[in-house]
Amino acid sequence: SSFSGIGQVLELYEWSTRQEEIPILVSSHSKEYSGRLRKLRKKIGFLVYTKQAGMTGDVVGLLFDYLLGITLIDVGRIDGILRLIDENREAVLEAFTFVGKLDAALSILSFRKSLPHCTVPDFAEGGQTEITARELYHPLIKDPISNDFTLQDRAILTGANASGKSTFMKSLAVNVILAQTIDTVCCASLSLPMMKVMTSMAIRDDVVSGESYYVREVRYLKRMLDEIARGTMTLCVIDEILKGTNQAERLAASEAVLKYLTQFQGYCMIATHDMELVEKLQELYKPYYFESHIEQDNVSFDYKIHPGRGGESNALALLQAFGFPSEIIRDANKLILKL
């Protein structure tokens with residue numbers, strides 16, 4: 001089966017070197033290598049044919065199997081094939097590299113064709129200091145709602161539950177990665193400098209390692225701080241910073257960490273429900289919010305990002321929308337008034 005795979009790669013390589021439609025992937029040595037590998041491909045083809053013929057189970061197959069057993073032709077063929085591979089190692093590696101590039105190109109093209117719209121990124125030179133996206137969306141969402149957004153350095157997002165904060169941050173992070181890997185972005189335009197992307201999102205505790213939610217989040221944040229301290233241009237995306245501990249320590253530690261991040265060059269986007277944190281960091285982090293609309297027992301969202309502070313909480317409205325007993329909703333509202 002391994003030789004069969006090699007034979008298919010060599011056959012595709014030989015065919016491709018004769019095609020004028022894909023010259024960008026063919027090197028100057030391709031035709032020479034293709035001629036040298038033709039003998040190898042034929043030897044592999046004969047070996048695969050004889051082995052397959054011996055497995056048919058009919059009279060001819062049994063005869064083939066018998067002849068291979070007493071003459072060891074297949075063993076001799078394998079030895080000859082291995083020698084040819086060794087003698088043409090550079091050409092074989094060229095063939096595999098070519099097929100790998102072709103496969104990657106087809107995958108990227110297929111991905112692009114599956115998107116509502118996409119483009120290639122613009123890696124601005126000359127010390128650009130912002131990320132600018134137009135009609136940005138997440139590639140895994142069907143019928144996505146796009147957003148225009150510019151991240152100059154740091155931003156803090158607020159908004160109701162399920163209003164789109166996390167998805168928007170993932171959209172930006174994913175597109176920055178796609179831009180620097182497959183030269184494809186899910187938006188109308190994206191201009192950015194080169195950077196590393198690091199996130200602290202969707203964290204879970206780990207029963208196997210014995211690490212709690214808070215410990216794992218601390219590890220994620222420490223990894224970011226170490227990378228930034230080394231001078232790496234980084235986009236840090238943090239969802240609900242340090243929410244795994246009590247409110248007093250969470251606010252204090254979060255404020256300290258986010259202030260520390262401003263000492264280094266780079267980009268940071270965080271989402272939080274703590275309006276106290278937004279108030280304290282308003283001079284350092286530009287505020288944005290997502291809205292929700294509550295009408296009777298229904299909660300709706302526009303999934304659009306807005307500049308400024310806003311996005312009222314909808315936690316109790318969501319409980320009501322999902323049919324929680326009215327007694328729970330009533331008691332919760334009373335407790336909020338007392339607080």
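Author: Contact here means heavy atoms within 4.5 Å. The model is predicted, so local features need pLDDT of at least 70 and side-chain atom pairs pLDDT 80 or more, while totals for chains, interfaces and linings use all residues. Residues count from 1 along each chain as its sequence is written, and side-chain values use heavy atoms, without hydrogens or water.

Reader: Which residues of α5 meet α1?

Author: Helices are DSSP runs (H or I, at least four residues), numbered from the N terminus. From α1 come Ile 6, Val 9, Leu 10, Leu 12, Tyr 13 and Ser 16. Their partners in α5 are Glu 94, Ala 95, Phe 96, Phe 98, Val 99 and Leu 102.

Reader: How do the residues of this contact divide into nonpolar, polar and charged?

Author: Ala, Val, Leu, Ile, Met, Phe, Trp, Tyr, Cys and Pro count as nonpolar, Asp, Glu, Lys and Arg as charged, and the others, including Gly, as polar. For α1 with α5, the division is 10 nonpolar, 1 polar and 1 charged.

Reader: Which residue does Glu 14 meet in a salt bridge?

Author: A salt bridge puts a Lys or Arg side-chain nitrogen within 4 Å of an Asp or Glu carboxyl oxygen, and the structure holds 13 of them. In this one, N to O is 3.0 Å.

Methods. Helices (H or I, at least four residues) and strands (E, at least two) are DSSP runs, numbered from the N terminus.
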